[in-house]
Amino acid sequence: KPLKEKVVLMYDEIFMTEDPSKCSPRFWEELFLMKVNLEYLEGKLESLDGEELMKIKDNINCLFQHCIQALGEEHPIRVVNALQTLCALIRGVHQKNKSTSGFDIINMLMGFDKAELCMKNLMESLDSLLCAEGSESLKSLCLKLLLCLVTVTDNISQNTILEYVMINSIFEAILQILSHPPSRREHGYDAVVLLALLVNYRKYESVNPYIVKLSIVDDEATLNGMGLVIAQALSEYNRQYKDKEEEHQSGFFSALTNMVGSMFIADAHEKISVQTNEAILLALYEAVHLNRNFITVLAQSHPEMGLVTTPVSPAPTTPATPLGTTPPSSDVISSVELPLDADVQTSNLLITFLKYSSIVMQDTKDEHRLHSGKLCLIILTCIAEDQYANAFLHDDNMNFRVNLHRMPMRHRKKAADKNLPCRPLVCAVLDLMVEFIVTHMMKEFPMDLYVRCIQVVHKLLCYQKKCRVRLHYTWRELWSALINLLKFLMSNETVLLAKHNIFTLALMIVNLFNMFITYGDTFLPTPSSYDELYYEIIRMHQSFDNLYSMVLRLSTNAGQWKEAASKVTHALVNIRAIINHFNPKIESYAAVNHISQLSEEQVLEVVRANYDTLTLKLQDGLDQYERYSEQHKEAAFFKELVRSISTNVRRNLAFHTLSQEVLLKEFSTIS
């Protein structure tokens, strides 16, 4: 027989029905001085069927309790081994429970009668280890154990053990890690992901204390700490993407596409994929959605992003880069090319998030990216509804150059980033929305994302109208994007109607135009931009005429679209009034002056001369919108999202990253 290591022999004793401490009274003391063999212990638990497991239940309960006792020991080696044993126990027993045996996990691990006390002691020990001045490796293991506990079931809300994590809250410990820079650098990422997951436990069924507590945090250091961890993870993603893209452009592909022309260009670009990070996005969403005070963090400048602090990589297997050796982030690099001014080097969480969104929202064919893109738009929706967020988005004194990622498309030149103007942040949000509208008109039409995108624009306009903010923005780009979208809906009417009610989207687009027509004089930057709006409507009148005849056709038939289409018919009344009022005037001007093709200036002249005879109807409710509500509309989406994040976190939880060598080095002074 091959020799077995001592710890394995001891495990085997636990898997007998006898009490192992009967024969050797110091059994449990010795066990935690041995190096844990995770694979063996987990494997052994998984190999037993339900009945066999029930036979040794007492020994497993005993092991669980001794682990918890060992957490209070002086010797860190024991604490480490106890933490790792707990992970193996929890995972092993859960793996077993996935199959048919329906025994209750809590009973299996702790015994019903002792569960409450057991978990109370466990949570208190973890809490004090996390808050102590002690070893960083121990804190890291505590967070890993908690992540293991939270993600052990696919559906987080079915994980009954979490009831005890609700009762014995470790919320304050998580906050302490985030508010303290050294511990934030080491453990911020795990802490933020853990918090995001805990907030989603039985979110809609019961009162979740983590939701309540997160919504009232007002400590600046803590909120900023959380913002920094999120910004770091997102900017790390942006940087990886940028590196891949540059590699791509300089490599074999660019040589090939230059030779063959651009017929493969679309495929070439789809190959750049960096694993998206939904866990961090979820954390950002929960913070923005639940905590009003977090909104201020979005605009907090941090000039050093990526220079001073170490990047936290989502996969914990990579060794952390020593301080000061991390590559500077893109925001800082750009300052070399641009004239040095104060704005260039500063970035903030919102800018990093907008850049991240511009990358993730490009390709919605892949399910992860579709989820990420949807979550990005939901976060933007929450931001666009918030009064305070709007105040700094539109603040003239806070100007930034935001380098959004633009999708390579055949029919437009690659924009040069050099001459980006400094503008209020809302311009970048609008750019991102316009970019989305222009780049996703395809057969696999992402209807849901388009609706959200138009809603974000509408909410921003409502704020501008209400507060009379005259934003210097290239509104023409938005108008032409919207008109092109209408054209797309019409030319693919039959294909799209098979899957979507395209009239809700058409109605929203038409109402955006109505908003500009009715209230444009209160928020468009200059009188001439109001004239340009009319010019665009008149120039593209054919599209509006076609839309009108399409909705008229469907609203007079007694089909399923009758009601939806007739709403669009009513909404078009002012646009049609403008077209019918100005077109004859323009034609007669051309005839009188014998000009076949009028210039833009001449058309504008006709428009200005004939405003006073134009009558428009006042339309109600253009500046009203339904506020975002998660529970009623989005519950299913978040349930699915949290499930996929949970699976992902579980897969990446590498316990071996805390190798025994590192720990032994750190604790080599056992007296």
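Which helices do the buried residues of helix 32 pack against? I noted that they pack against helix 28 (502–523), helix 29 (527–539), helix 30 (541–556), helix 31 (562–571) and helix 33 (600–609). Helices here are DSSP runs of H or I with at least four residues, numbered from the N terminus; buried means under 20% relative accessible area with a 1.4 Å probe, protein chains only.

I recorded that this is a predicted model, in which local features need pLDDT of at least 70, side-chain atom pairs count only at pLDDT 80 or more, and totals for chains, interfaces and linings use all residues. Residues are numbered from 1 along each chain as its sequence is written, and side-chain values use heavy atoms, with hydrogens and water left out.

I looked up the buried residues of helix 32 and found, among them, Asn574, His581, Phe582 and Ala590. Just after helix 32, I found His594 with a positive phi of about 50°.

I then turned to confidence. The protein chain averages a pLDDT (the predictor's confidence in each residue, from 0 to 100) of 85, and 84% of the residues score at least 70.

Next I checked the rings. I noted Phe503 and Trp561 as a tilted aromatic pair, 6.0 Å centre to centre with 55° between the planes; rings of Phe, Tyr and Trp (its six-membered ring) pair if their centres lie within 6.5 Å, and planes under 30 degrees apart count as stacked, over 60 as edge-to-face and the rest as tilted. Phe503 lies in helix 28 and Trp561 in the loop between helix 30 and helix 31, so the pair ties together parts 58 residues apart in sequence. Both Phe503 and Trp561 are buried.

Terms used
Buried means under 20% relative accessible area, exposed over 50%, partly exposed in between (1.4 Å probe, protein chains only). Helices (H or I, at least four residues) and strands (E, at least two) are DSSP runs, numbered from the N terminus. Contact means heavy atoms within 4.5 Å.
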